[in-house]
Amino acid sequence: MNKPLIDIRNLSKHFDRGRHKIRAVDDVSLSIEAGEIVGLVGESGSGKSTLGRTLLGLDRKTAGEIFYKGSKLPTVYRAKDFHRYARSMQMIFQDPYSSLNPRMTAGEIIGEALRLHSDLNKSDIAKRIEEWLVKVGLNIDHLGRYPHEFSGGQRQRIGIARALILEPDFVVCDEPISALDVSVQAQIVDLLGELKRSLGLTLLFIAHDLSMVRYVSDRMAVMYLGSLVEIGRSDHVFFDPKHPYTELLIGSNPEPDPNQERSRQKVQSIGEIPSQLDIPAGCRFANRCPHAMAVCHDVNPVLRIVSHEDDERLVACHLYE
Ligand code: SF4
């Protein structure tokens, strides 16, 4: 087996809140192969975005290790580390409006990374900016416009060009479509899919919308209260979820199932999501799980392989032990 492009081992990110600790990401391990799109799904507050930010050094990890092409990434990123890894790893943000500087034109925003992190001269930078405008479906007339003069979808296209102009190997897409109208979401997902194919990108695609994640990703990782509870091939996880939380998430997904390939039995969850300040000792999902057993309240289940064939499915649940 090839070395993964990204290998996350036992990664944790905790935040101190007074006397309390928020375990936003807790002992997460996940590897991503070169050229693969992994969708990361879960409810708000599950730690998805924190995992993405910690992966790129935007948040400082509390524990664990991250390897990029086999080399360990720093615990604390200094300016030289950001410079060094900018060409390798980038992020596309959720809200294109707040992540774009309102005083810079589209051309300046897209070209900024090249000015900071490449040796190209002015005219080569200008050429590359024009190429990328076209690649993301904008045109040369858009160069001198400011973010407020664009629609939400166009602003996300600018955000994508800004992140990809350095041609990084790995991109974290942090809910890149959730701030957009439904009609525009599919266009942006298609654009990312096209760019992935033409550039050989590797993506961690963070989203709420499971049907969109299934469409765009090769594998899906399901996160609940800072932990991964299921990982597998996207279609398999979507049509045959194993973990009760995945069933709940998919049951609450509004997408109709035109092929009737999966019986959409809605899983009734009971109880509220526990506070991140007070994570249960056993399975984190136990207070909401219709299948909870005595052991679930005491012992935290770990991810185990539950099916092979052409799908190495990992599930953290005592039902599969
Ligand atoms: Fe439900 Fe127990 Fe599985 Fe947790 S470990 S998801 S409580 S059955």
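**View A. Aspartate 7 and its polar partner.** The side chain of aspartate 7 reaches the side chain of arginine 9 in a polar contact of 3.0 Å. A polar contact is a pair of N or O atoms within 3.5 Å; within protein, one must be able to donate a hydrogen and the other to accept it, and residues adjacent in sequence count only if both atoms are side-chain atoms. This is a predicted model: local features need pLDDT of at least 70, side-chain atom pairs count only at pLDDT 80 or more, and totals for chains, interfaces and linings use all residues. Residues are numbered from 1 along each chain as its sequence is written, and side-chain values use heavy atoms, with hydrogens and water left out. Aspartate 7 belongs to strand 1 (residues 6-17). Strands (E, at least two residues) and helices (H or I, at least four) are DSSP runs, numbered from the N terminus. With a relative accessible area of 14%, aspartate 7 is buried. Buried means under 20% relative accessible area, exposed over 50%, partly exposed in between (1.4 Å probe, protein chains only). Not counting residues up to four places away in sequence, aspartate 7 touches Leu30, Ser31, Glu65, Ile66 and Phe67. Contact means heavy atoms within 4.5 Å.

**View B. Glutamine 90 in strand 6.** Strand 6 (residues 89-92) holds glutamine 90. A polar atom of the glutamine 90 side chain lies 2.9 Å from the backbone oxygen of alanine 86. Glutamine 90 is buried, at 16% relative accessible area. Leaving aside neighbours within four places in sequence, the contacts of glutamine 90 include Leu56, Ala163 and Phe170.

**View C. Glutamate 175 in a loop.** Glutamate 175 is not a glycine, yet has a positive phi of about 50°. The loop that holds glutamate 175 runs between strand 7 (170-174) and helix 7 (182-199). Glutamate 175 is buried, with a relative accessible area of 5%.

**View D. Leucine 225 between two strands.** Leucine 225 sits in the loop between strand 9 (219-224) and strand 10 (227-233). Phi of leucine 225 is positive, near 45°, in a residue other than glycine. Leucine 225 counts as buried, at 4% relative accessibility.

**View E. The shell around the ligand.** The ligand is surrounded by 13 residues, each with a heavy atom within 4 Å of it. The closest are Cys283, Cys289, Cys296, Cys317 and His318. Ten residues of the shell are nonpolar, three are polar and none is charged. Ala, Val, Leu, Ile, Met, Phe, Trp, Tyr, Cys and Pro count as nonpolar, Asp, Glu, Lys and Arg as charged, and the others, Gly among them, as polar.
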